[in-house]
Amino acid sequence: MKKLTLFYAYDVLCGWCFGFGPAMQGFLLEFGAELDLHVVNGGMVTGERVGPIGEVAGYISEAYKDVEERTGIVFGEAFLNGTMKKGTAVFDSIPLAKAHLAMTAQDKLRSYEFSRALHNAIYVLGIEPRDMDALKKVAEELGLDGERFLADFDSETVLAEMNQGFALCQQLEVRGFPTLVLANEEGNYVKFASGALPLEHLREMYGRAKAALEG
């Protein structure tokens, strides 16, 4: 039987996507073998939204508690007492989307793993989104070629892939992150999960989406 395609629309700077990690990992362990996974960068913080984290620190200082309570994820001290308190790190989705794609260029099968590693870099290790030296180190610690990572990061190929991902999110009518979309080869798709849902809900919603596309 032909595999269905699972689009995972996310953003590295999305705290709820960070919190969704354990449930998504569990979902992939159960159903990943029957799906063709595509991790899509959404571009949540671009254009006029880009700015120092200090401008939204008040909101994040409360929102992260909700993420922890609902998902069980833990934000790191380096982020909470480093990045947040300092307040000067520019939150910008572009370099992180490009970093993800530059990593994926070296190993497409690890695309989801790389998205989790970048979440960890920002929200646990307190790395700033535009810190290329730190992002290169993250790539190297994942066993990737650091110099190739930097070259791919600045390539036209990665830029084009990033923009294609942003456009795909619009095409799939993604309104927020994280979002899961199931599609078949005929181009039909079902947006079946939005938000940091628990694994038991994902199972149920995936089953309904799969039945709708295969029925």
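How much space lies in the largest pocket? About 810 Å³. Keep in mind that this is a predicted model.

Let's stay with that pocket. Its lining has 30 residues. Nearest its centre lie Leu-37, His-38, Val-39, Lys-108 and Ser-111. Where does the lining come from? Strand β2 and helices α4, α5 and α8 each supply at least two residues. By class, the lining of the largest pocket counts 13 nonpolar, 10 polar and 7 charged residues.

Now the second largest pocket. Its volume is about 430 Å³. It is lined by 21 residues, and Leu-13, Met-44, Val-56, Tyr-59 and Ile-60 are the closest to its centre. α1, β3 and α2 each give two or more residues to this lining. α2 gives the most, with 5. The classes here are 16 nonpolar, 2 polar and 3 charged.

Next, strand β1, residues 4–10. Buried or exposed? Buried: 7 of its 7 residues. In general, side chains in a regular strand alternate between the two faces of the sheet. In β1, one side carries Leu-4, Leu-6, Tyr-8 and Tyr-10. The other carries Thr-5, Phe-7 and Ala-9. Both faces are covered.

Who are the neighbours of β1? One is β2, residues 35–41, paired in the parallel sense over 7 bridges. There, Leu-4 has Leu-35 as its bridge partner. Another is β5, residues 179–183, which runs antiparallel to β1 and is joined to it by 5 bridges. On that side, Thr-5 is partnered by Ala-183.

β1, helix α1 at residues 15–31, and β2 form a β-α-β unit, and the unit is right-handed.

Conventions
Residues are numbered from 1 along each chain as its sequence is written. This is a predicted model: local features need pLDDT of at least 70, side-chain atom pairs count only at pLDDT 80 or more; totals for chains, interfaces and linings use all residues. Side-chain values use heavy atoms; hydrogens and water are left out. Buried means under 20% relative accessible area, exposed over 50%, partly exposed in between (1.4 Å probe, protein chains only). Helices (H or I, at least four residues) and strands (E, at least two) are DSSP runs, numbered from the N terminus. Two strands pair if DSSP finds at least two bridges between them. A crossover is right-handed if, with the strands pointing away from the viewer, the path from the first strand over the helix to the second runs clockwise. On a 1 Å grid over the protein atoms alone, a cavity is a set of points where a 1.4 Å probe fits but cannot get out, and a pocket is an open set with protein on both sides within 12 Å along at least five of seven lines; lining residues have an atom within 4 Å of a point. Grid points are joined across faces, edges and corners, and a volume is the space filled by probe spheres set on the points. Ala, Val, Leu, Ile, Met, Phe, Trp, Tyr, Cys and Pro count as nonpolar, Asp, Glu, Lys and Arg as charged, and the others, Gly among them, as polar.
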